[in-house]
Amino acid sequence: MIFVKFKIPLFYKFILTLLIGVIISILMIKPAFTQQPVTLKVLVQALESTQWQPIINSFHQTHPKIRLEVVKAPNNSNLVEDLYTSAYLLGDSPYDLVYMDVVWVQKFAAAGWLEDLTKKVDPQKLTDYIQGDVQGGKYQNKLYRMPFRTDVGMLYYRTDLLEKAGLKPPKTFQDLLTTSQTLQDQNLAQWGYVWQGKQYEGLAAMFTEILQGYGGFWVNPETQAIGLDAPESIEAVKFLRQTIKQGISPPGVTTYAEEETRRLFESGNTVFLRNWPYVYALASNSPIAGKYGIQPMVHLPGKQSGACLGGWGFGISKSSKHQREAWQVIQYFNQPDIQRQYFLETGYVPSRKSLFTDDTLVAKYNYLPALLQGAENAVLRPPIPQYAQVSDILQRYLSAALTGSKTPEAAMKEAARETRTLLNINE
């Protein structure tokens, strides 16, 4: 057998060597590309997104393969909900995590936008959280939102003004009216009571508490019964209207949201304020620092005090391609040490029950142990998929009653009728 020896020209040797080098480089570079961090996106109100930054920094240090990108949204929860909704309706949401208000869960879950988290969480571990927060994160007995921080509506009062008049904090609606009028008559305060009367979600939250204090209800999620036209509901509206008519609440209260009422209370000219716990820390830097207390909302004798449950937590987009990494973010945010530092710096209220009695937090926010009782007895707004629509109905008719364009009876009857139509309930 004869072997023929071919001689490869120098030029082709050079090309072959170059080609082999390119192939080796590609093989070496490809793993580097595949090891690039996974980027997760979440939409958050601008203020809180800034407050998250220390947690995000520490998360990136301990999880170098995941980058959490926070998209800043307006500081208005209704607008944030609209932005999430629009993203999902377009069919290709860019968000891996969903940071959501408790009243969005049923709507988002019913639409199929959220991943079921039930099997990811040991049921026993959920007992560490305020149970209203846990229940508010469920739809059809499945968990779609992990609690992060809670909110409950509370009644603020001026301790110094009550002491001057020799009066105690009110327990009933009549106490609130009488005490307010007394302090106003003594020229100790211009206004007795301020609350959120603007036509927006805060109005529905505030009214939930007054309604509970009168023994009424809005929508029963189990039976779908509507209570807006019941006598208790009408009396609850009349109470709010009375505060305006008697000059206990300012005429402009029907245009006030949380911040307007907070600033008015902090100015020193108001005795009582209905608002969320975040006000407690902010008011400590105002002219009334050290001159106010906090308690559950007043109620009728023999009825239960109402504290509307708010709060925020994390869900995972069903469309996300990085659900495992998204769950790692949720787990990190839910560590007690991480939460302790966050709530210490922001004054928000935790969902984890142990933090209400944590020495470090209580040293700065001494109202937390008392707030725990209110949080554990909080009232949920109707946990139904159509919540946004039923809230809009209530807001419109309640606003009409408060501004005097409709009587309380007429407004609430129309609100009940429209709500029944929406939910397809026969009269």
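Reader: Arg149 lies over the face of Tyr348, but at what distance from the ring centre?
Author: First, this is a predicted model: local features need pLDDT of at least 70, side-chain atom pairs count only at pLDDT 80 or more, and totals for chains, interfaces and linings use all residues. Residues are numbered from 1 along each chain as its sequence is written, and side-chain values use heavy atoms, with hydrogens and water left out. A charge sits over a ring if NZ of Lys or CZ of Arg is within 6 Å of the ring centre and within 35 degrees of the ring normal. For Arg149 and the ring of Tyr348, the distance is 3.9 Å.

Reader: Which ring has the charged end of Arg274 over it?
Author: Here the charged end is 4.5 Å from the ring centre. The ring under Arg274 belongs to Trp276.

Reader: How far apart are the centres of domain 1 and domain 2?
Author: The bounds come from an automatic or database domain assignment. Domain 1 covers 38–151 + 310–377, and domain 2 covers 154–308 + 385–423. Taken over C-alpha atoms, their centres are separated by 28 Å.

Reader: And how much area do domain 1 and domain 2 bury between them?
Author: Contact here means heavy atoms within 4.5 Å, and it takes 16 residues from domain 1 and 14 residues from domain 2. Buried area is the accessible area (1.4 Å probe) that two parts lose on being put together, summed over both. Of this area, 68% is on carbon and sulfur atoms. The two domains bury about 1,300 Å².

Reader: Which residues of domain 1 lose the most area to domain 2?
Author: Together they make up 34% of what the domain 1 side buries. They are Val103, Asp151 and Tyr367.

Reader: Tyr367 pairs its ring with Tyr280, so how far apart are the ring centres?
Author: Rings of Phe, Tyr and Trp (its six-membered ring) pair if their centres lie within 6.5 Å, with planes under 30 degrees apart counted as stacked, over 60 as edge-to-face and the rest as tilted. The planes of Tyr280 and Tyr367 are at 45°, so the pair is tilted. Tyr280 lies in helix H13 (residues 278–283) and Tyr367 in the loop between helix H16 (359–364) and helix H17 (368–376), so parts 87 residues apart in sequence are tied together. As for the ring centres, they are separated by 4.1 Å.

Reader: Are Tyr280 and Tyr367 buried or exposed?
Author: Buried means under 20% relative accessible area, exposed over 50%, and partly exposed in between (1.4 Å probe, protein chains only). By that rule, Tyr280 and Tyr367 each count as buried.

Reader: How many residues of helix H14 are buried?
Author: Helices (H or I, at least four residues) and strands (E, at least two) are DSSP runs, numbered from the N terminus. H14 spans residues 323–333 and is largely enclosed by the rest of the structure. Its buried residues include Trp327, Ile330 and Phe333. Of the eleven residues in H14, the number buried is eight.

Reader: What do the buried residues of H15 pack against?
Author: Helix H15 runs over residues 336–346, with Ile338, Tyr342 and Phe343 among its buried residues. Just after H15, Gly347 has a positive phi of about 80°. The packing partners are helix H2 (46–51), helix H3 (53–62), strand S6 (146–152), H14, strand S12 (349–350) and H16.

Reader: What is the phi of Gln140?
Author: Gln140 lies in the loop between strand S4 (138–139) and strand S5 (142–143). With a relative accessible area of 62%, Gln140 is exposed. Most residues other than glycine have a negative phi. The phi of Gln140, though, is positive, near 50°.

Reader: Which residues does Glu376 touch, not counting residues up to four places away in sequence?
Author: Glu376 lies in helix H17 and is partly exposed at a relative accessible area of 45%. C-alpha to C-alpha, Glu376 is 6.8 Å from Gln131, although the two are 245 residues apart in sequence. The residues that Glu376 touches are Ile130 and Lys353.
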